[in-house]
Amino acid sequence: MLSRLFAPKVKVSAHCDLPCGVYDPAQARVEAESVKAIQEKYQANDDPHFRARATYIKEQRAELAKHHISVLWSDYFKAPHFEKYPQLHQLVNDALKAASAAKASTDPATGQKLLDYIAEIDKIFWETKKA
């Protein structure tokens, strides 16, 4: 009788390890926007100290963008998503490579390319949230 009294009344499940509300490509986008903005500021300033600081911060932000993209890929997206969007694995790989390229470059075009990939991931992400 006590075991029935303390038995769970409701079973719950989720397709991810935490409620999906904790995932959002906006985190990667914000970091990528910082990367591009820093690359633009770098180009507009000849001060070597400023450029050294900008490079350091840009590299940190690019690494954070990579982290957020990787978390989406490994923790949020699941097999049904990859079945529905077969390009998703390649898209994430391309975004990670673009983040590495932006990390290594002071050219704002590399930051924009990263933003473009994140926008594609974002579109798929929000489509999966509707399902």
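This is a predicted model: local features need pLDDT of at least 70, side-chain atom pairs count only at pLDDT 80 or more; totals for chains, interfaces and linings use all residues.
## Nonpolar core and aromatic pairs

Y76 is buried, with a relative accessible area of 1%.

**Aromatic pairs**

The count of aromatic pairs is five. In one of them, the ring planes of Y76 and F125 meet at 50 degrees, so the pair is tilted; the ring centres are 4.7 Å apart. This pair links distant parts of the chain, with Y76 in helix α3 and F125 in helix α6, 49 residues apart. F125 counts as buried, at 0% relative accessibility. F125 also pairs with W126, and here the planes stand at 90 degrees, so the arrangement is edge-to-face. W126 counts as partly exposed, with a relative accessibility of 37%.

| Ring pair | Centre distance | Plane angle | Class |
|---|---|---|---|
| Y76 and F125 | 4.7 Å | 50 degrees | tilted |
| F125 and W126 | 4.9 Å | 90 degrees | edge-to-face |

Ring pairs join Y76, F125 and W126 with Y23, F77 and F82 into a cluster. A ring also takes part in a contact of another kind: R51 lies over the face of Y42, at 4.1 Å from the ring centre.

**Nonpolar core**

The largest nonpolar core has 26 residues. Within this core, the residues that touch the most other members are I69, L72, F77, L88, L114 and I121. Two or more residues each come from α2 (26-43), α3 (48-76), α5 (88-104) and α6 (108-130). Apart from neighbours within four places in sequence, I121 has contacts with I69, L72, F77, L91, V92 and A95. In soluble globular proteins, nonpolar side chains tend to be buried together.

Notes:
Residues are numbered from 1 along each chain as its sequence is written. Side-chain values use heavy atoms; hydrogens and water are left out. A nonpolar core is a set of buried Ala, Val, Leu, Ile, Met, Phe, Trp, Tyr and Cys residues joined through side-chain atoms within 4.5 Å. Buried means under 20% relative accessible area, exposed over 50%, partly exposed in between (1.4 Å probe, protein chains only). Helices (H or I, at least four residues) and strands (E, at least two) are DSSP runs, numbered from the N terminus. Contact means heavy atoms within 4.5 Å. Rings of Phe, Tyr and Trp (its six-membered ring) pair if their centres lie within 6.5 Å; planes under 30 degrees apart count as stacked, over 60 as edge-to-face and the rest as tilted. A charge sits over a ring if NZ of Lys or CZ of Arg is within 6 Å of the ring centre and within 35 degrees of the ring normal.
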